[in-house]
Amino acid sequence: MDNRVVVGVSGRPAARAALQWAIDYARPRRLEIELVHVVDATFGTTTVGFLHSAREQAELLLAREGEETRSVAPDLTFRTTVLEGSPTGALTDWAVGAQLLVVDSHALGRFRDYVFSTQAAQVAAYAGGSVVVVPEREEQRGTGVVVGVDGSEASLAAVTFASDQADRLASG
């Protein structure tokens, strides 16, 4: 396992909460934070130059987020990466080997009251490692930890991780 915490960055306010969570987790462990944005290249027909333009916009977004993050946490090392493809697939593939993958809940429309959106649930289901989903709504943050337990070694490790994080958040 490498020393990265991968953070999905969308430019939405909820993604900032996920980034802050990752900073708080990474700082005492001296882990590197990698800000990742995925340009969705999977939705139907696109005009000529769309992916190029979307990639440029993603690079600008990550440059802004990287600058702001470095000003908040100058003691940490940051990298930025733009990927193309399916947001779920590209992000989870990229995070293989990382200490942690952190995403926001990305709840939309009538599902805003749920901690997990379809996309966040897919990321959690498909990731090859540990995933933290930071709720979009402030009042949902720190209210509990959801862990799926099936008796496997991986699920027991998830319970231990969730317990440690609940302790960290309660004492912070």
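Serine 86 sits in the loop that links strand 3 to helix 3; helices (H or I, at least four residues) and strands (E, at least two) are DSSP runs numbered from the N terminus. The model is predicted: local features need pLDDT of at least 70, side-chain atom pairs count only at pLDDT 80 or more, and totals for chains, interfaces and linings use all residues. Residues are numbered from 1 along each chain as its sequence is written, and side-chain values use heavy atoms, with hydrogens and water left out.

With a relative accessible area of 33%, serine 86 is partly exposed. Buried means under 20% relative accessible area, exposed over 50%, and partly exposed in between (1.4 Å probe, protein chains only). Beyond residues up to four places away in sequence, serine 86 touches Val38, Thr42 and Leu91, where contact means heavy atoms within 4.5 Å. Threonine 42 is 44 residues from serine 86 along the chain, yet their C-alpha atoms are separated by 5.7 Å.

Threonine 92 belongs to helix 3 and is buried, at a relative accessible area of 4%. Leaving aside neighbours within four places in sequence, threonine 92 is in contact with Leu101, Val123, Tyr126 and Ala127.

The protein has five helices and five strands, and its elements run β-α-β-α-β-α-β-α-β-α from the N terminus. The five strands make an open sheet in the order 3-2-1-4-5, with parallel pairing; strands pair if DSSP finds at least two bridges between them. Strand 3 and strand 5 are at the edges with a single partner strand each, so one side of each has no neighbour in the sheet. From one strand to the next, the twist averages 25 degrees. Strand 4 and strand 5 run parallel and are joined by four bridges, and aspartate 104 stands opposite valine 134 in strand 5. Helix 2 packs on the sheet, where it touches strand 2 and strand 3, and its direction makes about 155 degrees with that of strand 2. Axes are lines fitted to C-alpha atoms, for helices over the stretch in contact, and angles run from 0 to 180 degrees between N-to-C directions. Helix 3 (residues 87-94) also packs on the sheet, touching strand 1, strand 2, strand 3 and strand 4.

The largest nonpolar core has 27 residues, of which Val5, Val7, Ile33 and Val102 touch the most other members. Such a core is a set of buried Ala, Val, Leu, Ile, Met, Phe, Trp, Tyr and Cys residues joined through side-chain atoms within 4.5 Å. Helix 1 gives the largest share of this core, eight residues. Another core, of 14 residues, lies apart from it and includes Val36, Leu83, Leu101 and Val133.

Of the 172 residues of the protein, 39% count as buried. Among contacts between residues at least 6 apart in sequence, 75% join residues at least 24 apart.
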